[in-house]
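Student: I am new to this structure. Can you walk me through it?
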Amino acid sequence: MYEVAQNIREIVEKVTPLLLALPMSRVAEKPRLEKWSKKEILGHLVDSASNNQQKFVRTMAQSHLDFVGYDQNHWVDAQHYQRMNWRLLVDFWVAYNLHIAHIIEQVEGSKLAHTISINGSEKFTLRFIMSDYAQHLTHHLKQILPDAGLA
């Protein structure tokens with residue numbers, strides 16, 4: 001899982017200066033009323049890190065875990081990311097993702113076959129959800145930084 005952890009670290013290293021260089025007027029701008037601003041997308045990625053930390057650590061503890069989902073819009077709205085200081089939000093996102101990379105890098109190989117179901121979904125292995133995390137991260141960062149050349 002070293003490669004997944006390293007990929008997350010490389011993403012964080014690449015996009016952090018780009019995030020911090022965005023004009024404040026652009027980070028709070030909503031493309032449409034019902035769409036998230038760049039601040040809210042990054043806030044969602046903090047929520048994703050938080051929820052995935054729980055999934056990763058809890059799934060390591062047992063061979064199968066039934067986990068609850070979360071209402072992403074409620075989480076973004078309830079935490080008022082739109083009103084949050086951009087630098088603080090970026091710093092929080094950076095720290096959380098470096099911690100996620102650390103967790104992924106440290107997981108014992110025998111735990112990677114443990115499974116998780118979310119809201120009664122099919123079973124996913126810990127290996128899959130850890131690998132998928134980096135893809136989810138990249139997907140949303142492309143929304144914030146479409147010209148960053150993220151793969």
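Tutor: Start with a term. A helix axis is a line fitted to C-alpha atoms over the stretch in contact, and angles run from 0 to 180 degrees between N-to-C directions. Keep in mind that this model is predicted.

Student: What is the average pLDDT of the protein chain?
Tutor: pLDDT is the predictor's confidence in each residue. Here 100% of the residues score at least 70. The chain average is 95.

Student: Which element has the lowest mean pLDDT?
Tutor: Helix H5 (residues 86-106) has the highest mean, 98. At the other end, with a mean of 92, is helix H2 (residues 24-27).

Student: How are H1 and H5 oriented to each other, roughly parallel or roughly antiparallel?
Tutor: The axes of helix H1 (residues 2-21) and H5 come within 8 Å. They cross at roughly 170°. Angles over 145 degrees count as roughly antiparallel. Therefore H1 and H5 are roughly antiparallel.

Student: How many residues of the contact of H1 with H5 are nonpolar?
Tutor: H1 brings residues including Ile 8, Val 12 and Leu 19. H5 brings others, among them Trp 86, Val 90 and Trp 93. Three contact residues are polar and three charged. The nonpolar ones number 16.

Student: Which helix gives the most to the lining of the largest pocket?
Tutor: This pocket has a volume of about 210 Å³. Its lining includes His 44, Tyr 70 and Asp 132. Two helices give two or more residues each: H3 (38-60) and H6 (126-144). The top contributor, with five residues, is H6.

Terms used:
Residues are numbered from 1 along each chain as its sequence is written. This is a predicted model: local features need pLDDT of at least 70, side-chain atom pairs count only at pLDDT 80 or more; totals for chains, interfaces and linings use all residues. Side-chain values use heavy atoms; hydrogens and water are left out. On a 1 Å grid over the protein atoms alone, a cavity is a set of points where a 1.4 Å probe fits but cannot get out, and a pocket is an open set with protein on both sides within 12 Å along at least five of seven lines; lining residues have an atom within 4 Å of a point. Grid points are joined across faces, edges and corners, and a volume is the space filled by probe spheres set on the points. Helices (H or I, at least four residues) and strands (E, at least two) are DSSP runs, numbered from the N terminus. pLDDT is the predictor's confidence in each residue, from 0 to 100. Angles under 35 degrees count as roughly parallel, over 145 as roughly antiparallel, 65 to 115 as roughly perpendicular and the rest as oblique. Contact means heavy atoms within 4.5 Å. Ala, Val, Leu, Ile, Met, Phe, Trp, Tyr, Cys and Pro count as nonpolar, Asp, Glu, Lys and Arg as charged, and the others, Gly among them, as polar.
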